[in-house]
There are 2 protein chains.
Amino acid sequence: MVLDMTESTECTADLLRERGFRATPQRLAICEALKKAGSHPTVAEIHEYVKKKDPTISLATVYNTLELFNQIGLAREICFRDQPTRYDPTVDSHINLLCLNCGAVEDISFDDFEQLIPDIENRSGFVVSSQRFDVYGYCPKCKAK
Amino acid sequence: MVLDMTESTECTADLLRERGFRATPQRLAICEALKKAGSHPTVAEIHEYVKKKDPTISLATVYNTLELFNQIGLAREICFRDQPTRYDPTVDSHINLLCLNCGAVEDISFDDFEQLIPDIENRSGFVVSSQRFDVYGYCPKCKAK
DNA sequence: TTATATGCAAATCTTTTGCAAGGAT
DNA sequence: ATCCTTGCAAAAGATTTGCATATAA
């Protein structure tokens, strides 16, 4: 079967099916949009992006799908009081750097997280499964002022 | 002047005035409620708590005040897609542990954060000012199941 | 005194839900 | 042929806003 599917799209489809979910065209399109609709896009931004390919896709489907992606580890939600929820396609351990002035969001790796887990588990009694690390500050452009 | 103010309340009042804000009874009551209305209370929970002392205090004031506290470093906001914003009176470097099963939130210290700052700043070009670290997993009660 | 903060109620926005129709497996 | 998903539109919530009144400094 030769379609216009990229390797990554097939991979996403397989991952969904493995977990018992259907690989619908909407879900695959949303997955692609998540990666291409800019940095840490909002639900509305992702919706706008996928509508270019599929003008009938509903906002509710985008909401539901992103929540699903968050649960099965295909995306990570980022939520602030004063803005709509954003989603991040990067799911491995990383730091979200957030500029307090211009709102820019940047990812940097955080390989040390693995090493912290045993200590966190020992001290708290929790079993650790994932993490979100936001660091607030001023980006190179804004710190100059 | 002898009132029923605790040392911490006076301290909060001074901190507000230092920053050019008024130390209103509502703000002081909200500050106290933030510490006593349970672990990581929601805005509504804080509102319920302060209403015991001041039944006329408005929800909008609680919202405004908590946002102010977040800005001046008296509290830290914690926001999830599927729940109302919570506030944490602990502002020094710590980890929020979140149980994926029962929703429990617990704090543990994270003294190592200071040591990470130079590396984060070097790699990103940002100037770091604060941080939020959420770790997801299962609490002692829930992991047993 | 006077600029700031409060309370109220309405408005705004985000997110969720119920249900009939559609479609992946 | 099933039963999971979708789209639509309405509902539910959370949060913000405008403005007159009150009040801390």
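## A walk through chains A and B

Start in chain B with B:Gly73, the residue that follows α4(B) and has a positive phi, near 85 degrees. This is a predicted model, so keep that in mind as you click around. Now step back into the helix itself: α4 of chain B runs over residues 59-72 and reaches 20 Å from its first C-alpha to its last, close to the 20 Å expected. Colour its buried residues, among them B:Val62, B:Leu66, B:Phe69 and B:Ile72.

Next, select B:Arg81 and A:Glu67, a salt bridge with its closest N and O atoms 3.6 Å apart. B:Arg81 sits in the loop between β1 and β2 of chain B and A:Glu67 in helix α4 of chain A, so this pair joins two chains.

A:Glu32 pairs with A:Lys36, and the closest N and O atoms are 2.9 Å apart. The two are 4 residues apart in the helix, which means about one helical turn separates them. A:Lys36 is exposed at 51%, while A:Glu32 is partly exposed at 23%.

Finish on the surface of chain A. Select A:Asp92, A:Asp111, A:Asp112 and A:Glu114, which form a negative patch. A:Asp111 lies in the loop between β4 and α5 and is exposed, with a relative accessible area of 59%.

How values were computed: Residues numbered from 1 in each chain as written. Chains lettered and ligands numbered in written order. Predicted model: local features only at pLDDT ≥ 70, side-chain atom pairs only at ≥ 80, totals over all residues. Heavy atoms only, no water. Patch = residues over 30% accessible without salt bridge, like charges linked within 9 Å, V, L, I, M, F, W, Y side chains within 5 Å. Areas by Shrake-Rupley, 256 points an atom, 1.4 Å probe, with all protein chains shown as cover. Salt bridge = Lys/Arg side-chain N within 4 Å of Asp/Glu carboxyl O. Lys, Arg positive; Asp, Glu negative; His and termini not counted. Charge placed at Lys NZ, Arg CZ, Asp CG, Glu CD. Buried < 20%, exposed > 50% of the residue type's maximum accessible area, 1.4 Å probe, protein only. Expected span 1.5 Å × (residues − 1).
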